[in-house]
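Colleague: I would like to go through this model feature by feature. Please give the general idea each time, then the case at hand.

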Amino acid sequence: MSHQEWIARCIDLATENRAHGQAPFAALVVQNGKVVGKGVNDVKATNDLTGHAEIRALQAAARQTGSRRLAGCVLYTSCEPCPMCLGAIYWSGITQVYYGLSIAGQAEFSDLPQRQYAEFRLAAQERSVQALQASPDGVDPRRPFLAK
């Protein structure tokens with residue numbers, strides 16, 4: 001199948017997901033021309049904020065392949081991934097992502113992803129969410145990584 005055909009499948013899945021009362025997002029992980037992971041956004045149904053289509057597709061692909069490393073796979077998604085999903089894509093090792101609707105295009109319906117990307121371009125101290133390091137006295141925060 002062509003990249004456009006895979007995206008058309010994602011758009012069909014997203015449309016179907018919307019008809020079931022969920023957010024209109026869907027994703028497929030493809031390896032050697034075969035779907036190894038499929039996901040739709042299920043945040044409303046599960047109250048799981050990480051229940052984005054790309055996350056669900058990556059989880060399904062990891063189960064199907066028996067590996068969390070999905071290098072060599074391609075991710076197709078109905079919309080350009082949000083920062084959370086993009087982070088998961090980086091962790092997976094996938095290096096090719098094709099999407100239907102861009103972040104700028106999504107802004108017609110929700111500008112949250114666009115605002116999130118803008119936040120990440122700010123210096124840490126200027127962001128609306130403050131991440132502050134707190135190191136307990138006498139405890140090396142590297143300890144879990146150093147333990148054998």
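Predicted model: local features only at pLDDT ≥ 70, side-chain atom pairs only at ≥ 80, totals over all residues.

Colleague: How many aromatic pairs does a search of the whole structure find?

Modeller: Two aromatic pairs are found. A pair of aromatic rings is described by two quantities, the distance of the centres and the angle of the planes. For Trp-6 and Tyr-76 the ring centres are 5.8 Å apart and the planes stand at 25 degrees; planes under 30 degrees apart count as stacked, so this pair is stacked.

Colleague: Which parts does the pair of Trp-6 and Tyr-76 tie together?

Modeller: Trp-6 belongs to helix α1 (residues 3-19) and Tyr-76 to strand β3 (residues 74-79), so the pair ties together parts that are 70 residues apart in sequence. Both Trp-6 and Tyr-76 are buried.

Colleague: And the pair of Tyr-76 and Tyr-98: what are the centre distance and the plane angle?

Modeller: The centres of these rings lie 5.4 Å apart with the planes at 20 degrees, so Tyr-76 and Tyr-98 are stacked. Tyr-98 sits in strand β4 (residues 96-101) and Tyr-76 in strand β3, so this pair ties together parts that are 22 residues apart in sequence.

Colleague: Is Tyr-98 buried or partly exposed?

Modeller: Tyr-98 has 26% relative accessibility and therefore counts as partly exposed. Tyr-76, at 4%, counts as buried.

Colleague: Now a helix. How does the span of α3 from its first C-alpha to its last compare with the expected one?

Modeller: An α-helix has 3.6 residues a turn, so residues three or four places apart point the same way. Helix α3 (residues 53-65) has 13 residues and reaches 18 Å, close to the 18 Å expected at 1.5 Å a residue. Its buried residues include Ile-55, Leu-58 and Ala-61. The buried residues of α3 pack against β1 (26-31), β2 (34-40), α2, β3 and α4. Gly-66 follows α3 and has a positive phi, near 75 degrees.

Note on methods
Residues numbered from 1 in each chain as written. Heavy atoms only, no water. Phe/Tyr/Trp six-rings, centres within 6.5 Å; stacked < 30°, edge-to-face > 60°. Helix = DSSP H or I, 4+ residues; strand = E, 2+ residues; numbered from the N terminus. Buried < 20%, exposed > 50% of the residue type's maximum accessible area, 1.4 Å probe, protein only. Expected span 1.5 Å × (residues − 1). Contact = heavy atoms within 4.5 Å.
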